[in-house]
Amino acid sequence: MSHPEKKPPPFFRIRDLRQTLGGHPVLRGVSFDVTGGETTVILGGSGAGKSVLLKHLNGLMRPLSGSVAVNGTDISMLPERALTPIRRQIGVLFQDGALFDSLSVGENIAFPLREAGERVESRIRDRVDEVLELVGLKGQHRKMPDTLSGGMRKRVSLARAIAGRPDCMLYDEPTAGLDPILSESITKLIGEMKKELRLTSVVVTHNLGAMRFLADQVIFLKNGEVHYCGPPAGLDASDDPAIREFISADAMGRT
Amino acid sequence: MRKTAEYLAGRGAAPAMRLLIYLGQLARLGLEIIGSIGKPGIRWRLVLSQIILIGIGSQLVVIITGAFTGAVFAAQAYFKFNELGLGSATGPVVSIAMCRELGPVLAALMVAGRMGASMAAEIGTMRVTEQVDALRAMGVPPIDYLVVPRVLAILVSMPILVGETIVFGMLASELLTVQLFGVPAVWYETQLMTHTGVPDVLTGLVKGTCFGGLIVLISCHQGLVTSEGAVGVGRATTRAVVYSSLAILVSNLFLSLLLNLLLPTVTMDL
């Protein structure tokens with residue numbers, strides 16, 4: 001007798017997620033799945049709730065109601081310390097890098113390795129050099145964060161996030177505040193990470209170009225509600241006025 | 001539940017309720033710190049660097065504070081006692097005051113101004129620039145990494161700093177009373193040694209340690225709840241110093257009453 005093949009759970013399963021900030025609703029019943037190995041882009045204007053949604057995926061914020069499951073484990077009610085093994089599977093690129101000011105570039109990148117228990121200095125050094133080369137900053141490990149440009153900070157932050165070999169990456173506005181050339185290079189870098197490291201990725205952005213380059217699935221958020229969830233091609237065909245307005249504003253911004 | 005408490009603490013509740021919520025948050029942070037200290041994996045390198053920052057960095061401040069407070073207190077005590085022919089009583093009075101009250105309170109106020117502000121500003125800046133979130137995202141509890149090393153460092157440093165304040169206060173007092181006012185050194189020292197006991201010194205050290213605990217708890221809490229960018233960091237820094245100073249002065253009364261029962265001073269016999 002043959003058993004039906006059991007489908008693995010999606011990497012993230014979000015159901016009816018609600019959140020408020022300062023008494024105002026920010027997420028109003030958000031639900032979607034992120035399949036392992038794919039890139040999901042969360043798109044929307046400023047204040048749509050994108051970054052707040054991202055912070056729920058690794059438990060940095062706890063839902064007011066609803067659930068967030070990572071590989072089938074509901075993390076919404078897990079105590080802080082029980083989240084540690086789950087968080088170590090998930091790397092995060094913060095909007096402004098969030099590099100530790102008091103540590104050099106090399107020490108920043110070595111930080112998650114040391115915290116995960118790696119004690120052999122030669123192995124730490126090798127991994128730091130390896131990820132710095134991957135993000136195009138070979139030999140920059142002695143620099144301090146305050147001497148880096150915006151683009152370099154993002155690259156170092158990316159190197160730190162992937163140093164621990166996570167299964168998944170969360171990117172919070174990876175191209176925000178960068179000029180178009182740097183934006184493109186960071187977007188390409190994220191694409192390379194996806195291809196070379198086969199990472200599950202969730203990218204928060206309002207950049208349609210980055211979305212088209214990276215996305216396997218797009219979530220369009222407005223006022224904390226999902227207006228679209230599907231493949232990137234379907235977004236252009238959508239009749240939703242919020243999406244039409246967003247796309248036409250982006251086109252106007254480029255002309 | 002936590003969000004409701006934060007909202008009420010922020011604006012929605014009456015002052016008494018806000019105070020209760022604030023004290024509840026401090027108690028919770030205190031319990032988390034105790035829980036964290038009980039676990040393996042204390043970052044001793046960070047503890048050492050904080051001891052250098054708090055202990056060694058505060059040397060000049062506590063020496064000047066102790067010496068000038070001791071000297072000015074000795075001068076005022078001598079002026080009054082000398083009218084009664086009791087100039088040599090200056091020593092015991094200064095030593096008891098320095099050991100039991102002035103030493104620990106002034107050293108703690110100096111450390112609150114210097115280190116409390118620095119802790120709140122540093123942790124607050126890390127909070128608003130998402131560095132605290134980055135720690136959590138890497139599976140590192142901010143309490144373990146940011147708070148526990150500071151707590152251990154201040155618990156080691158404060159008794160030493162208070163001890164120094166007392167010693168320099170008494171040395172300055174002796175210098176002034178003996179060299180300037182002409183009280184014989186033997187009288188001064190005999191009186192001082194007769195009326196100053198181990199319980200007096202212990203009281204100062206215990207108080208200093210308690211004040212250190214309050215400073216680090218209040219300042220780290222302010223840092224961890226900072227929001228609203230640079231304005232928020234400024235507010236957290238000010239609050240850390242003001243709340244720590246008030247906590248030192250208020251708790252000093254209760255500690256004095258308690259420690260006077262547990263560690264009574266030698267009976268004065270002038």
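Q: Over how many bridges do strand β1 and strand β2 of chain A pair?
A: This is a predicted model: local features need pLDDT of at least 70, side-chain atom pairs count only at pLDDT 80 or more, and totals for chains, interfaces and linings use all residues. Residues are numbered from 1 along each chain as its sequence is written; chains are lettered from A and ligands numbered from 1, in the order in which they are written. Strands (E, at least two residues) and helices (H or I, at least four) are DSSP runs numbered from the N terminus, and two strands pair if DSSP finds at least two bridges between them. β1 (residues 12-21) and β2 (residues 24-34) of chain A run antiparallel, and their bridges number eight.

Q: Which residue in the turn between β1(A) and β2(A) has a positive phi?
A: The two strands form a hairpin with two residues between them. At about 55°, the positive phi belongs to A:G22.

Q: Which strands stand at the edges of the open six-stranded sheet of chain A?
A: The order is β6-β7-β8-β3-β9-β10, with mixed pairing. Two strands each have a single partner, so one side of each lacks a neighbour in the sheet. They are β6 (90-93) and β10 (225-230) of chain A.

Q: At what angle does helix α1 of chain A run to β8(A)?
A: Helix α1 (residues 50-57) lies across β3, β7, β8 and β9 of chain A. Axes are lines fitted to C-alpha atoms, for helices over the stretch in contact, and angles run from 0 to 180 degrees between N-to-C directions. The angle to β8(A) is about 155°.

Q: Which helix gives the largest share of the side of domain 1 of chain A that touches domain 2 of chain A?
A: An automatic or database assignment sets the domain bounds: domain 1 is 12-89 + 166-254, domain 2 is 101-165. Here 11 residues of domain 1 contact 10 of domain 2, contact meaning C-beta atoms, placed from the backbone, within 7 Å. Five residues on the domain 1 side come from one helix, α6 (residues 180-197) of chain A.

Q: How many residues does chain A bring to the contact with chain B?
A: Chain B brings 12 residues. The count from chain A is 16.

Terms used:
Contact = placed C-beta atoms within 7 Å.
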